[in-house]
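Me: I would like to go through this model and ask what each label rests on. Please set the values against the cut-offs as you go.

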Amino acid sequence: MSEFKSDFLRTLSERGFIHQISDETGLDDLLCKETVTAYIGFDPTASSLHAGSLIQIMMLHWFQATGHRAISLMGGGTGMVGDPSFKDEARQLMTVDMIENNIASIKRVFSNYLTYGDGPKDALMINNAEWLRPLNYLEFLRDVGRHFSVNRMLSFDSVKTRLDREQSLSFLEFNYMILQAYDFVELSKRYECRLQMGGSDQWGNIVNGIDLGHRMGTPQLYALTSPLLTTSSGAKMGKSATGAVWLNPDMLSAYDFWQYWRNTEDADVSRFLKLYTTLPMDEVARLSQLGGSEINEVKKILATEVTAILHGRAAAEEAAETARKTFEEGALADNLPSIDVPAAELDGGLGILTLLVRAGLAGSNGEARRHIQGGAVRINDNPVSDDRMTVGSAEVTADGVIKVSLGKKKHILVRPA
């Protein structure tokens, strides 16, 4: 379908969010006629979501921004099972306490993207443990399980890839798609939810929910999925060389988050401006025309806009200014990431390899050694060529820190403790 009538689908289409829709015309008409409720489920597998989840969160943001009601569904019930979709092996099972702690931590991020409350268009934060944990197994099998064909479930790509690799799929995991489908039906009954969104890997699970709803008497339900994103070089979104790009500020600073987006590959800048910022499309088009050295300025705008939504405008601009001072003036900015090292250790001298690993600039001594051999490491802006060098209290500057740098963009301040 080329032209959508509804603000929501038109916005998603022009910004590049749409991969598949179950019934484009039906959903478009519904969105034009009434305030619709939609949800996306989030697995509490860690205490923070990472940047790979941002595309889903932004879809909920635009859903609310175009006049509808968004539900962020926490998987407090399904988290006890674990989504097997496209996984090579079963997830580690989590206790109820672990799940609850993770949900409490994850929730903090959402209010930066959605307005929660009791109004007709205010977003809702719901936990599927409400209806999944009290389920009676025999009644559930009789009322819900009878609607599922095992033959059809085995045909889904998410299951087939696991079986084709001869990795066992436990009965527990096999139930996940039934529980997710049941979520859609429960949300339809309790909150008149009509649309489930997710990444393209969730298509089979979402369509299962539509089918179950049809069999259990809900109004017509709809599915919308976004493309699974990788960077132009094929890297997964949300992963960096030093690990996951967490959304919670206690797990990744605003500065490091800003740097992740500042390091976007040239070929991804236009696409990321559309997906991850709320800049108007004419401004995105203008910025996308810039090339050459100007593209670095566009990357800074991208980084600042994405960071401002999550961490606030002040923190984003502070991160941008820290980067400017560090890279353009060679100044020592106080709000660079830092680590504390016991003064006694520095007095005795700390091996440069150990220091690089401890600072998170290398994953192992071998990687640290390769960085040094490649000429990428500097202490207080002085190049390091000897991998047996020790760093100690003699290197502490008048500012009371040691500046450890990897390449031009990664700097850690070592503070004697």
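Me: Which residues of helix 13 are buried, and what covers them?

Reply: This is a predicted model. Helix 13 spans residues 269–276, and its buried residues include Val-269, Phe-272, Leu-273, Leu-275 and Tyr-276. Their cover includes helix 1 (7–15), helix 3 (54–65), helix 12 (254–262), helix 14 (281–288) and helix 15 (294–311).

Me: What makes strand 1 and strand 4 stand at the edges of the sheet?

Reply: The sheet is open and mixed, with six strands in the order 1-6-5-2-3-4. Strand 1 (20–21) and strand 4 (124–127) each have a single partner strand, so one side of each has no neighbour in the sheet.

Me: Why are strand 2 and strand 5 said to pair?

Reply: Pairing requires at least two bridges. Strand 2 (residues 37–42) and strand 5 (residues 193–199) are joined by three bridges in the parallel sense, so they count as paired. Tyr-39 has Gln-196 in strand 5 as its bridge partner. Helix 3 packs on this sheet, touching strand 2, strand 3 (69–74), strand 5 and strand 6, with its direction at about 165° to that of strand 2.

Me: How do you know whether Leu-138 is buried or exposed?

Reply: Exposed means over 50%. Leu-138, in helix 6, has a relative accessible area of 63% and is therefore exposed. Together with Tyr-137, Leu-141 and Phe-171, Leu-138 makes a nonpolar surface patch of about 460 Å². Helix 6 (residues 137–143) gives the most to that patch, with three residues.

Me: What makes the contact of Arg-190 with Glu-186 a salt bridge?

Reply: The cut-off is 4 Å between a side-chain nitrogen of Lys or Arg and a carboxyl oxygen of Asp or Glu. The closest N and O atoms of Arg-190 and Glu-186 are 2.7 Å apart, so the pair qualifies. Both residues lie in helix 10 (residues 176–191), four residues apart, about one turn of the helix. Glu-186 is buried at 9%, while Arg-190 is partly exposed at 41%. Glu-130 is linked with Glu-186 and Arg-190 in a network of salt bridges.

Me: Why does the pair Asp-386 and Arg-388 count as a salt bridge?

Reply: Their closest N and O atoms are 3.6 Å apart, which is within 4 Å, so the pair counts. Asp-386 is partly exposed at 34%, and Arg-388 is exposed at 71%.

Technical notes: Residues numbered from 1 in each chain as written. Predicted model: local features only at pLDDT ≥ 70, side-chain atom pairs only at ≥ 80, totals over all residues. Heavy atoms only, no water. Buried < 20%, exposed > 50% of the residue type's maximum accessible area, 1.4 Å probe, protein only. Helix = DSSP H or I, 4+ residues; strand = E, 2+ residues; numbered from the N terminus. Contact = heavy atoms within 4.5 Å. Axes fitted to C-alpha atoms, helices over the stretch in contact; angles between N-to-C directions. Patch = residues over 30% accessible without salt bridge, like charges linked within 9 Å, V, L, I, M, F, W, Y side chains within 5 Å. Areas by Shrake-Rupley, 256 points an atom, 1.4 Å probe, with all protein chains shown as cover.
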